[in-house]
Amino acid sequence: MKLHLVTAVVAAALFASAPSRAAVLVVGQGEPADCFQAAAAQTGGKLSSYRVGSALAHCNTALAGDLSYDDRTATLANRGILQAAAGDIDAAVADYNAALSRNPDMADVYIDRGTAMLHDARYEEARADFDHALKLGMENPHIGYFDRGEAEEASGNLLAAYRDYSRARDLAPEFKPATLELGRFHVIDRQVADGR
């Protein structure tokens, strides 16, 4: 009989609400800049629902006008952030898809789209987006690992969630959400007999 070390992970609660960490892309002046500033404010959690609606109007006006290729791409991504804040996940995902069809190398937009899908209980799609963002090489990979950990936990894969939260904490020890999530886990190592 062979003994194997098995690690069991137990979380105290599933899928804690995470702070908004959406990417914001900088664009030109006027309406695109207003859309950008609103998305930046929303990322910090500073916009009321009324102001989100007003900000969406700036984005819509910008997208109805003549924009450079890069400004249109960024404005689509920024409007996606605001659509998600307004609770319109389908519209947010459509904007993220449009932005990514124009520039498929924007790791942070994959994070944004994955976060929207995560909040819509589309865990497999969210995890795929987080995986892709990490492969592209994110500026803040700890966010990708943390978000993927949330998707893993919400879908019931506690061991993978624990590993991703740990990786996020290791990459950015000052990132408190990872430490808070890890505090809910209890890790037990035990030996299990192989039935052979």
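The legends below describe close-up views of a predicted model.

Residues are numbered from 1 along each chain as its sequence is written. Because the model is predicted, local features need pLDDT of at least 70 and side-chain atom pairs count only at pLDDT 80 or more, while totals for chains, interfaces and linings use all residues; side-chain values use heavy atoms, with hydrogens and water left out.

View 1. Helices (H or I, at least four residues) and strands (E, at least two) are DSSP runs, numbered from the N terminus. Read from the N terminus, the order of elements is β-α-α-α-α-α-α-α-α-α-β. Of the 196 residues in the chain, 46% are buried, where buried means under 20% relative accessible area, exposed over 50% and partly exposed in between (1.4 Å probe, protein chains only). The chain exposes about 10,000 Å², and 50% of this comes from carbon and sulfur atoms; accessible areas come from the Shrake-Rupley method with a 1.4 Å probe, and for residues only the protein chains shown count as cover. Contact means heavy atoms within 4.5 Å. Among contacts between residues at least 6 apart in sequence, 59% join residues at least 24 apart.

**View 2. A disulfide joins Cys35 to Cys59.** The structure holds one disulfide, defined as a pair of cysteine sulfur atoms within 2.5 Å; here the S to S distance is 2.0 Å. Cys35 lies in helix H1 (residues 31-43) and Cys59 in helix H2 (residues 49-64), so the pair ties together parts that are 24 residues apart in sequence. The torsion about the S-S bond is about 90 degrees, so the disulfide is right-handed. Cys35 counts as buried, at 0% relative accessibility, and Cys59 counts as buried, also at 0%.

**View 3. Gly30 sits in the loop between strand E1 (3-11) and H1.** Gly30 has 42% relative accessibility and therefore counts as partly exposed. Thr61 is 31 residues from Gly30 along the chain, and their C-alpha atoms are separated by 10.0 Å.

**View 4. Helix H4 (residues 89-102) packs against H5.** Two packed helices are described by the angle between their axes and the distance between the axes. Axes are lines fitted to C-alpha atoms, for helices over the stretch in contact, and angles run from 0 to 180 degrees between N-to-C directions. For H4 and H5 the angle is about 160 degrees and the axes are 10 Å apart, so the two helices are roughly antiparallel. Angles under 35 degrees count as roughly parallel, over 145 as roughly antiparallel, 65 to 115 as roughly perpendicular and the rest as oblique. The crossing is left-handed, meaning that the near helix is turned anticlockwise from the far one by less than a right angle (right-handed if clockwise). Residues that meet include Val93 and Tyr96 in H4, and Tyr110 and Met117 in H5.

**View 5. H5 packs against helix H6 (residues 123-136).** Their axes are 8 Å apart at an angle of about 165 degrees, so H5 and H6 are roughly antiparallel to each other. This crossing is left-handed. Among the residues that meet are Ile111 and Leu118 in H5, and Phe130 and Leu136 in H6.

**View 6. Helix H5 (residues 107-119) packs against helix H7 (residues 141-154).** The angle is about 20 degrees, with the axes 10 Å apart. That makes H5 roughly parallel to H7. H5 and H7 cross in a left-handed manner. Ile111, Thr115 and Leu118 of H5 make the contact with Ile143, Gly144, Asp147, Glu150 and Ala151 of H7.
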